[in-house]
Amino acid sequence: MKGYFISVEGGDGSGKSTQIRNIEAYLRERGKEVLLTREPGGTPVAEKIRELILDPANTALTGRAEMLLYAASRAQHVEEKILPALEAGKVVLSDRFTDSSIAYQAYGRGLGDMVAEVNRIATGGKAPDLTIFLNITPAAGIARKNQQDGHVLDRLELEQAAFHEKVYAGYLALAKESGGRIADIDADRPAEEVFVDIRAQLDRLFGF
Ligand code: TYD
């Protein structure tokens with residue numbers, strides 16, 4: 001594959017959207033063709049699955065069904081959008097990828113190892129070259145998010161604090177075990193400072 005695949009992970013209030021914009025602008029400045037995408041979603045079919053997953057009305061959705069819907073959305077996204085873009089030499093920048101399922105479904109929902117297994121099938125084994133993990137504790141993240149006016153909470157955001165603690169522990173474990181793929185970035189700082197560390201990771205990956 002000629003392109004590069006970068007994912008960005010982080011809980012609520014981690015500043016993920018801001019940093020994704022920064023990454024995209026930085027890479028474009030350096031002449032890279034960037035395809036910005038997101039999960040769940042990224043293609044018309046996957047966006048329909050997204051609506052189903054995030055709809056607060058779907059309180060009956062079971063943990064396993066949720067895991068499989070995220071994986072279905074991901075399978076569509078990989079085949080229809082990510083792989084062709086990488087073949088074309090683009091940089092694919094994805095707001096979340098498989099690590100989200102490991103953190104939220106394996107650790108958060110307690111579904112364990114089957115989540116990785118299902119996702120190997122969904123992705124055909126495709127993993128990011130670099131994952132930026134914006135590390136902020138759930139308490140600090142929620143406090144930040146509540147300061148943003150008019151934000152309407154989706155079904156996952158409405159989960160209890162204990163769920164978000166488990167998700168966070170999942171991310172920490174993943175970062176530790178990733179063998180360098182996941183860059184653990186302290187996100188509880190001003191955005192400019194956070195981006196300095198992210199930029200260092202991008203410079204290393206691309207050899208800027
Ligand atoms: P989104 O509105 O994209 O939230 P965020 O701004 O936090 O990225 O909603 C995605 C939600 O779905 C988010 O709460 C995390 C969750 N999620 C999973 O539980 N598993 C997954 O595999 C993915 C991709 C997301």
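**Close-up views of the ligand and its protein**

View 1. A polar side-chain atom of Q105 sits 2.8 Å from a nitrogen atom of the ligand. Y70 also brings a polar side-chain atom to 2.8 Å from an oxygen atom of the ligand. For K16, an N or O atom in the side chain is 2.7 Å from a ligand oxygen. Such pairs are polar contacts: two N or O atoms within 3.5 Å; within protein, one must be able to donate a hydrogen and the other to accept it, and residues adjacent in sequence count only if both atoms are side-chain atoms.

This is a predicted model, where local features need pLDDT of at least 70 and side-chain atom pairs pLDDT 80 or more, while totals for chains, interfaces and linings use all residues. Residues are numbered from 1 along each chain as its sequence is written, and side-chain values use heavy atoms, leaving out hydrogens and water.

**View 2. The shell around the ligand.** How many residues surround the ligand? There are 16, and the closest are K16, Y70, R96, S101 and Q105; a residue counts as near if one of its heavy atoms lies within 4 Å of the molecule. The shell divides into five nonpolar, three polar and eight charged residues. Here Ala, Val, Leu, Ile, Met, Phe, Trp, Tyr, Cys and Pro count as nonpolar, Asp, Glu, Lys and Arg as charged, and the others, Gly among them, as polar. Helix 4 gives the most to this shell, with four residues.

**View 3. The loop with P40.** Look between strand 2 (34-38) and helix 2 to find P40. Helices (H or I, at least four residues) and strands (E, at least two) are DSSP runs, numbered from the N terminus. A cis peptide bond joins E39 and P40, with omega about -10°. Most peptide bonds are trans.

**View 4. The loop with R96.** Which loop holds R96? R96 is in the one between strand 3 (91-95) and helix 4. Its phi is near 80°, a positive value in a residue other than glycine. Most residues other than glycine have a negative phi. R96 is also among the closest residues to the ligand.

**View 5. The chain as a setting.** The protein chain has eight helices and five strands. From the N terminus on, they run β-α-β-α-α-β-α-α-β-α-α-β-α. Along its principal axes, the C-alpha trace spans about 45 × 35 × 35 Å.
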